[in-house]
Amino acid sequence: MKEERCVRAALLCLGVLCCSQGLHGHRDRGKEGQLLHRSKRGWVWNQFFVIEEYTGPDPVLVGRLHSDIDSGDGNIKYILSGEGAGIIFVIDDKSGNIHATKTLDREERAQYTLTAQAVDRNTNRPLEPPSEFIVKVQDINDNPPEFLHENYHANVPERSNVGTSVIQVTASDADDPTYGNSAKLVYSILEGQPYFSVEAQTGIIRTALPNMDREAKEEYHVVIQAKDMGGHMGGLSGTTKVTITLTDVNDNPPKFPQSVYQMSVSEAAVPGEEVGRVKAKDPDIGENGLVAYSIIDGDGMDMFEITTDYETQEGVVKLKKTLDYETKKSYSLKVEAANVHIDPKFISNGPFKDTVTVKIAVEDADEPPVFLKPSYIFEVQENAASGTVVGKVHAKDPDAANSAIRYSIDRHTDLERYFVINAEDGNIKTIKTLDREEMAWHNISVFAVEVHKQHQEAKVPVAIKVVDVNDNAPKFAAAYEAFVCENARSNQQFITISADDKDDSANGPRFIFSLPPEIIHNPNFTLRDNRDNTASVLVRREGFSRQKQDLYLLPIVISDGGVPPLSSTNTLSIRVCGCDGSGSLLSCNAEAYVLNAGLSTGALIAILACIVILLVIVVLFVTLKRQKKEPLIVFEEEDVRENIITYDDEGGGEEDTEAFDIATLQNPDGINGFIPRKDIKPEYQYLPRPGLRPAPNSVDVDDFINTRIQEADNDPTAPPYDSIQIYGYEGRGSVAGSLSSLESATTDSDLDYDYLQNWGPRFKKLADLYGSKDTFDDDS
């Protein structure tokens, strides 16, 4: 009864398919049986509707097709075609009732287009033109809302105002939004109050509480529901989860956890060494939690510095200068920690910085001795006596104990052991005579070691300058050798000399040049001091002769400018030489002067060139004369050609040698230019003499070979020189004798091989091949 009421309600709401007949729509017959057709006919109906998801036991009646020409006698047949015809929709061809045989889903397909037609049942002739109609699937609320994402993630800054938009969630409903409220959704919040709220129509989530603090709670979980039917009872719903995270803002200043930090550092620490660390806590994160440290006050501002370790957010206190426990034992610093980035919105929460006091105690360290000077420079005169005091070094223990100090010289810096130091007072003395010209400076190192702590030592460089004493007389600056021409003019300068002194400049120049008093009036040469540490030697007279004297020795006295001055006498060698008219030097040898006429350089070169040419001509002549023309062809007594011909088979005999042409070997004919062609067989064929052939059963090898040699010697077609021809021989003692064909003079053999048949089955094949002549004749 319930299903019937549903069907009736559907028919009443959706309409019934019907067909109306006009006044001129009858099919009448005229006079004498003439069939009259109406001018126009058409289907008239309303749109059909079928409720989706119907699950009754019987097919759902969709509607009925009826033609006005249907008289009910069953002659009209209704036909249905189109989308789903015969599968989803079926028609009763007599009554025109249309039924839906399957459950329909509007979300799968909302409507179907069908075509109806009425035809004659007997002839299938169309009685009405085909016409289309639509069957719509009526929606019911059978789909719950579904969100686009199962989980949402959103961020909102902490301390946001109430009503700040966080995120919008969206759900969809597969039901028909144009029919009823099946797809009308309403959003509500199931979890997350009182921190957040959601707009019922848009799904926008907003903050509901002011001043939410990330440092108190960072993450919130919110559940949002979407319900159809406008949120009324009976509607379907769906939910989604939203994770909301509060992002950080700089709303917290840094804060030191304590008011004073205590640190200590050894006085032996080097600049740059870390002393300690301080840290101000800031609950903010990221750039909002960055803190920078600085020293703003204190008596240790010049001795210490602070840097920021941004990985740990700590302030690192480091030593800036060397400390001295004996001078100052403690320092105080005032350190400030401030945020790097400040948000103007929360400036009223400031100040975003904090200060702390850092007290640093200097610890006493066991320090090595300290010299009063970083280096020492002393002077001592050369040639000073051994034991002369050079200078004194002094070191002290900077510690409060003030331990005694012992001194020593680093012998690696004084390998020659020129100096010694007093271990108690640090006096340095010489133990050898010093020579400034040998070493002007001595650089040594002196150790200072605490008496009771040998591991504590210090080292200082000591430079000792050897002061010069005028102990070296000046000498010639070079090994001078002067030349004077025989035709030199009087007062002519021929050499300039200078001097050198190993002493320091204070005891060296200016140099004074002079002749010894005993030869100050030398008749040959004179000396002129140029007053610039050089002197010129001049000729006093004219007319020098190499024959009389070719070498003069002139002593020269050189004095330095030291106090007291030193001098030395140096001898200048002056050689007399021959010169041309222009003063150019020609020769300084005394023997050359004896020659009446000398040869010029050009003449000597010409004579040498002629001698070389003559020597070359002689060598060429001798070489050409010794050359011998070698013969084009060299004959040697040992030049013997051997032709060894080996036969590996039993046949052929002497005739096999014709297969080899060795005429190209060296022979007298070849020397004369005559070489027989390899491809021409000699016209004259030598036939061996029958009388010389040994008997078939001969076992005398010597006779056989001698016979062959004689035949070869008498054969004009034989190859030159010796030819050793090897023939197979069975050897002595063989009953069968030789089987070689070499002993056969003709192709017809006259040997008797009948005895082979008596040798047994092993020689049956030979007996068949070499049987009696009569047997072969019979076979042929």
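Over the protein chain the pLDDT averages 78, and 76% of the residues score at least 70.

This is a predicted model, in which local features need pLDDT of at least 70 and side-chain atom pairs count only at pLDDT 80 or more, while totals for chains, interfaces and linings use all residues. Residues are numbered from 1 along each chain as its sequence is written, and side-chain values use heavy atoms, with hydrogens and water left out.

Three strands form an open, antiparallel sheet in the order E2-E5-E4, where strands (E, at least two residues) and helices (H or I, at least four) are DSSP runs numbered from the N terminus, and two strands pair if DSSP finds at least two bridges between them. Strand E2 (60-64) and strand E4 (89-91) stand at the edges with a single partner strand each, so one side of each is left without a neighbour in the sheet. On average, neighbouring strands here are turned by 30° against each other, direction ignored, with the axes taken as lines fitted to C-alpha atoms, for helices over the stretch in contact, and angles running from 0 to 180 degrees between N-to-C directions. E4 pairs with strand E5 (residues 97-100) in the antiparallel sense over three bridges, and Val 90 stands opposite His 99 in E5.

Buried means under 20% relative accessible area, exposed over 50%, and partly exposed in between, with a 1.4 Å probe and protein chains only.

Finally, how many disulfides does the structure hold? There are two, a disulfide being a pair of cysteine sulfur atoms within 2.5 Å. Cys 485 and Cys 579 form one, with their sulfur atoms 2.0 Å apart, and this link is left-handed, with -80° about the S-S bond. The pair links distant parts of the chain, Cys 485 being in strand E34 and Cys 579 in strand E40, 94 residues apart. Cys 485 counts as buried at 16% relative accessibility, and Cys 579 is buried with a relative accessible area of 14%.

Another disulfide joins Cys 577 to Cys 588, with 1.7 Å from S to S, and the torsion about its S-S bond is about 100°, so this disulfide is right-handed. Cys 577 lies in strand E40, whereas Cys 588 lies in the loop between strand E41 (585-587) and helix H2 (601-626), 11 residues apart. Both Cys 577 and Cys 588 are buried. When the bonded cysteines of the protein chain are numbered in sequence order, the pairing is 1-3, 2-4.

How values were computed:
pLDDT is the predictor's confidence in each residue, from 0 to 100.
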